[in-house]
Amino acid sequence: VTQRTVTLRDRRRRDRLRNLAFMSPWLLGTGLFFLYPLVATVYFSFMKYDGFTPPVWTGIGNWSYVFHVYPFFWPALRNTIWLVLVVVTLRVLFGLAVGLLIVKIKRGTGVFRTLFYAPSLAPPVAATMAFAFLLNPGSGPVDTILGRLGLPQPGWFNDPSWSKPALTLMALWGIGDLMIIFMASLLDVPREQYEAAELDGAGAVARFRFVTLPNISPILVFAAVTGVIQAMQYYTEPLIAGKVASGQIGGSGQQIEPGYPDKSTLTLPQLVYNLGFQRFDTGAACVVALVLFAMAMVFAAMLMRRGHGFLTAED
Amino acid sequence: MPRPHRTVVGTSVAILIALTGTACTGGTGGGATDNPNKETTITFWHGWSAPSEIAAIKATVDAFEAKFPKIHVKVVANITDDKINQALRAGGPSAPDVVSSFTTDNVGEFCSSKVFADLTPFLEKSGINAEKTFPAALLDYTRYKDDQCTLPLLSDAYGLYYNKDAFKAAGIASPPKTLSEFKADAIKLTKSKGDTYTQLGFMPDFHGYETTMSHYAALWGPHYFDSSGKSIAASDPAITAMFTWQKAMVDTLGGFAKLEKFRSTFGDEFSSKNPFMTGQVAMSMDGEWRAGMIDDANIHLNYGVAPFPVPDDQASTYGKGYISGTVVGIASTSEKQNAAWEFVKYLTTDTQAVVNFSNAIHNIPSTEAALVSPDVDQDPSVKAFVDIARNPNSNTTPSSPNGGAYQLTLQDVGYGYESGKVTDLQSALQKADQQIDADIAQAQ
């Protein structure tokens, strides 16, 4: 009996070791690139650390500073939430609409696909600078046309109430990535289901509601979740837009105003970089990073629960 | 599924905690123990990028290497302050030994974080009296408290550029010397057309490139902090007077909305589309480099330079202006600090080296001896800025442990006040004082 027990224990140990060996690439990756940074971020959020001298415990000092004193945190948080809610929603709706339109087109499909997809290939910095030029309130072609038509000429990137809508416009212009995904999923919906629905007397709206949507719901959830993650990482476009519009892009040695105009283009990732790698206030930067992490978790969990994850109704 | 073994979990957590505790802690090692007479190569990082500037650096380095044949200098150009801060913290063999920065506002941060070595022992060893060698304003922005962690490497002075043709057309005989004369001239030079301008006398907005809070405030001689380091913007009459004057200028010249709309038509500050160079504005506050840029652009602009006008009640101080510049220091992680010092000493105190370098890149010399050297460029525009730099009333912004964050906070008050969003200036300045003190406390 003893011999059999020992053998069984040995086998279990061997099994465990083998399992661990198979899991080791994942364990190593997750440990190094997720768990360690996460634990380190939590640790440093309670420390005063400038990247040069050893860290010193400060308790909740950094948390209190970020939430109660740091003047850029709340505007950046509001802007980030605005971008998540408005830009992600509009991008998903617009991407779906363009996808539906493209699959319906009979002639010149290739041209339209290329036209809608091409902007998403533009480098963010170049695209933002081009938009800042196009939307320039004094001399930009868009405002010139609006003026000739007798329409209001917004300040776009120079006006706090128009800067985020201008960023939204730019995000919609680069809808190509989502359009391709939606187009593929729309083409994947079984034709028989549409035919059956038509036989049952379903109109266009009913077919979309009861056939298209259930089939593409995992793609909608995917688009929303990845959109939320992208919106949380929104850095380059608002930073460049603010710098170009404020005229401070070429200045060396200048104090740069964050989030021009009036902090309206400030996002949380900009704060993480500013605090962490310009002011070297690692503790405060970690607090902002943890807020971003918590927000991403909450938004992703809400979307995954409501949208039944990445599974279709049939799955 | 079997639970992970306790030992595995325990070991992992221990490793994580150990890694966390030691993560990214750059060393403060280095020191001045190297022999500068031994064959060695030091690395010098700087931010200049234009071909003429790179050539000037090369000429300076060549002259140094001829004088100190055993010290070789490896030059790395186009370096920003972000890169400097990150590299000095990371350390390692690729990190620089000598570093220069355009951002004098960051000196407080460089000194207080100890990423730059204190140069006081080196100055003493070489018998250099910093107070006698460098103008007072330049010494102010190169140190934090008693830590002289950088030295001035050329300087920038700010003055008034004016379009002589526009002055003649408006019947103005000479550049204004007081702010009331300046206001009257700006009005005369402004030509409105509907909701825009065909020519603006002066762009007073805080976003008008060099018309920043600190550059304006220098005309009043402000005090940003008291002796204990507390922010006193609200109680300093100079700062209140500056904001009040600037707001009055904005209102007089057409109002914030109209000026901002016109400002959005301006080209890049550091290009030939600069509004003063295109004739969009007739007067401009700018640094000495603009004269070189105008000459290089070959646009035949008939311009003059003068000190910026001063407040009427300080008319006797006419000739002063805001002073800034480039700073140079030694990385505290450097293992070759003695050799690095020889290079820094040459760059900053050798009169001929300073003069040659300033002439080559159209900057102002940064030592007392170089400022009076007959070899300094005798072009009238250069001379005007040399005089501003030498003026005893010229001043700069004090260094702070969190760099120029306090200037941004005050500038933010200015943005609100000029646009009309802030109406109670005193209350806004009091809040700014609290914010500045809290930010500095967080940085210390």
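Helix α19 (residues 405–419) of chain B packs on helix α20 (residues 425–443) of chain B at an angle of about 160°, with their axes 9 Å apart. This is a predicted model, so local features need pLDDT of at least 70 and side-chain atom pairs count only at pLDDT 80 or more, while totals for chains, interfaces and linings use all residues. Residues are numbered from 1 along each chain as its sequence is written, chains are lettered from A and ligands numbered from 1 in the order written, and side-chain values use heavy atoms, leaving out hydrogens and water.

**α19(B) and α20(B)**

- The two helices are therefore roughly antiparallel (over 145 degrees; under 35 is roughly parallel, 65 to 115 roughly perpendicular and the rest oblique).
- Axes here are lines fitted to C-alpha atoms, for helices over the stretch in contact, and angles run from 0 to 180 degrees between N-to-C directions.
- α19(B) passes α20(B) in a right-handed crossing (the near helix is turned clockwise from the far one by less than a right angle).
- On the α19(B) side, the contact (heavy atoms within 4.5 Å) uses B:Tyr406, B:Thr409, B:Leu410, B:Val413 and B:Tyr417, and α20(B) brings B:Leu425, B:Ala428, B:Leu429, B:Ala432, B:Gln435, B:Ile436 and B:Asp439.
- Sorted by class, that contact has nine nonpolar, two polar and one charged residues (Ala, Val, Leu, Ile, Met, Phe, Trp, Tyr, Cys and Pro are nonpolar, Asp, Glu, Lys and Arg charged, and the others, Gly among them, polar).

**α9(B) and α11(B)**

- Helix α9 (residues 179–189) of chain B and helix α11 (residues 237–252) of chain B pack at about 20°, their axes 11 Å apart.
- That makes α9(B) and α11(B) roughly parallel to each other, and their crossing is right-handed.
- From α9(B), B:Leu179, B:Phe182, B:Lys183, B:Ala186 and B:Ile187 meet B:Trp245, B:Ala248, B:Met249 and B:Thr252 of α11(B).

**α15(B)**

- Helix α15 (residues 337–349) of chain B has 13 residues and reaches 17 Å from its first C-alpha to its last, close to the 18 Å expected at 1.5 Å a residue.
- Of its 13 residues, 11 are buried, so α15(B) is largely enclosed by the rest of the structure (buried is under 20% relative accessible area, exposed over 50%, partly exposed in between, with a 1.4 Å probe and protein chains only).
- Among the buried ones are B:Trp341, B:Glu342, B:Phe343 and B:Tyr346.

**A:Thr226**

- A:Thr226 lies in helix α10 (residues 204–232) of chain A and, at 26% relative accessibility, counts as partly exposed.
- Its C-alpha is separated by 33 Å from that of A:Lys48, 178 residues apart along the chain.

Key. Helix = DSSP H or I, 4+ residues; strand = E, 2+ residues; numbered from the N terminus. Expected span 1.5 Å × (residues − 1).
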